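Okay, everyone, thanks for coming. Please have a look at the structure on the screen before I start talking.

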Amino acid sequence: MTEALEKNIRKVVPYVPGEQPQNPDVIKLNTNENPYSPAPGVARVLKSMDADLLRLYPDPTNGCLVKALADYYELAEDQVFVGIGSDDVLSMSFLTFFNSGKPILFPNVTYSFYDVWADLYRIPYVTCALDDQMMIKKEDYFKENGGIVIPNPNAPTGVYEPLETFEEILQKNTDVVVIVDEAYVDFADGPSARTLIEKYPNLLVVQTFSKSRSMAGMRIGYAMGNKELIKALNDVKYSFNSYTMSRVALLCGVEAVNDKAYFEEHVKKICETREKTKKALAALGFSFPDSQSNFIFAAHKSMPAKEIFAALKARNIFVRYFNKPGIDNYLRITIGTDEQIQALEAALREILLQA
């Protein structure tokens, strides 16, 4: 490859996803997937799907799923945007809204795709340090910027910020889009920022089917906000790829939204297991911020996280380890079934006794 050719190739340091082991005997607690099956209606759609329909393009407006989400959240249909997982929605949002040339702001410990998208789209950015409790310092977001993106609850910490914090940030940033990334909000004790949409036209709230709705493999994400923001997102989407959602994903997504009872039952089950897991980890000598998500971000008082990670992996138990400054002594542990967590506890007890 010539030097001149290489200079014309866009280069970025890519996002590194969690491992996806193929061994069915693995206890997989490393990518925050839901341990329970999707709503029963999803299986019915998959079994009854007419394969002949797949020769036809899907609805470019994603109309049936947009309507289902709008009805569920009591919004107008022009306040909802649907994409291929929340990563697609967030990436499209960066491309659509962060074009001022001023740096965007997000936490220094957060979802590691944000800086990847910023680099990919040539968007300058500044990261803002978390405090000693792993919470954001709202004043850091009061300075001039080109946009803001903050997860709530945050990842990988699991910390939930009260809505009052976001109200102050929105009030101080009326001329830029503020994105609240709520991939884990269904597991939190507090409300979604969706309740602020009517009050703040610069607010975009992004959620996903991957966590609380057990559909990480289907890739469905969505945004809610002022109709002008949603129109701008759709304009960019139609300029990029008109047919983003498959027919199968649209129909399965509608079934998942419509089965509210199943959704609430399994979210509750995961939250109950999470609280039991906190007690068990604390008893084993771990400390962690108070997670309001479907994972716990834990550090042990005496044994390095990297060693625990390797010892668990040797026992076919996968958790997430981030080899990054400031968080390299933490493990992010997804909440699985009670049985999976019991196996994790037994393995940790054995590992720590041998240390």
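First, some ground rules. This is a predicted model, so local features need pLDDT of at least 70 and side-chain atom pairs count only at pLDDT 80 or more, while totals for chains, interfaces and linings use all residues. Residues are numbered from 1 along each chain as its sequence is written, and side-chain values use heavy atoms, with hydrogens and water left out.

Let's start with the aromatics. A pair of rings is described by the distance of the centres and the angle of the planes. Rings of Phe, Tyr and Trp (its six-membered ring) pair if their centres lie within 6.5 Å; planes under 30 degrees apart are called stacked, over 60 edge-to-face, and the rest tilted. How many aromatic pairs does a search of the whole structure find? It finds 19. One of them is Tyr-57 with Tyr-243, a stacked pair with 4.2 Å centre to centre and 15° between the planes. Tyr-57 is in the loop between helix H2 (40-48) and helix H3 (63-73), and Tyr-243 is in the loop between helix H7 (227-240) and helix H8 (247-258), so this pair ties together parts that are 186 residues apart in sequence. Helices (H or I, at least four residues) and strands (E, at least two) are DSSP runs, by the way, numbered from the N terminus.

Are those two tyrosines buried or exposed? Buried means under 20% relative accessible area, exposed means over 50%, and partly exposed is in between, with a 1.4 Å probe and protein chains only. Tyr-57 counts as exposed because its relative accessibility is 60%, and Tyr-243, at 37%, is partly exposed.

Now a pair with another geometry. Tyr-111 and Phe-113 have ring centres 5.9 Å apart and planes at 75°, so they are edge-to-face. Both come out as buried: Tyr-111 at 19% and Phe-113 at 17%. They also belong to a cluster linked by ring pairs, together with Tyr-15, Phe-94, Phe-98, Phe-106, Tyr-114, Trp-117 and Tyr-125.

A couple of rings have a charge over them, which here requires NZ of Lys or CZ of Arg within 6 Å of the ring centre and within 35 degrees of the ring normal. Arg-213 has its charged end over the ring of Tyr-72, 5.1 Å from the centre. Over at Phe-295, the face of the ring has Arg-332 above it, at 5.8 Å from the ring centre.

On to salt bridges. Side chains of opposite charge can pair when their charged atoms come close. The rule is a side-chain nitrogen of Lys or Arg within 4 Å of a carboxyl oxygen of Asp or Glu. The whole structure has 15 of them. Take Glu-19 and Lys-313, which meet at 3.0 Å, N to O. Glu-19 is in the loop between H1 and E1 and Lys-313 is in helix H10, so to speak distant parts of the chain, 294 residues apart.

Others stay within a helix. Lys-67 bridges to Asp-71 with the closest N and O atoms 2.7 Å apart, and because these residues are four apart in helix H3, about one helical turn separates them. In helix H9 (residues 260-283), Glu-264 and Lys-260 are also four residues apart, and their salt bridge has its closest N and O atoms at 3.9 Å. There's a network too, linking Arg-274, Glu-275, Lys-278 and Asp-290.

Next, the backbone. Which peptide bonds are cis? One joins Asn-152 and Pro-153, with omega about -5°, and another runs from Ala-155 to Pro-156, with omega near 15°. Pro-153 sits in the loop between strand E5 (148-151) and helix H6 (163-171), and Pro-156 is in the loop between E5 and H6 as well. Met-134, which isn't a glycine, has a positive phi near 60°, and Asn-316, also not a glycine, has one of about 65°.

Cysteines, quickly. With a disulfide taken as two cysteine sulfur atoms within 2.5 Å, the count is zero. For Cys-64, the nearest cysteine sulfur is that of Cys-252, 10 Å away.Last stop, the surface. Met-1, Leu-5 and Ile-9 make up a nonpolar patch there, with about 320 Å² of accessible area together. Patches take residues with over 30% relative accessible area and no salt bridge, joining like charges within 9 Å and nonpolar side chains (Val, Leu, Ile, Met, Phe, Trp, Tyr) within 5 Å. The areas come from the Shrake-Rupley method with a 1.4 Å probe, and for residues only the protein chains shown count as cover. Ile-9 itself is partly exposed, at 38%.
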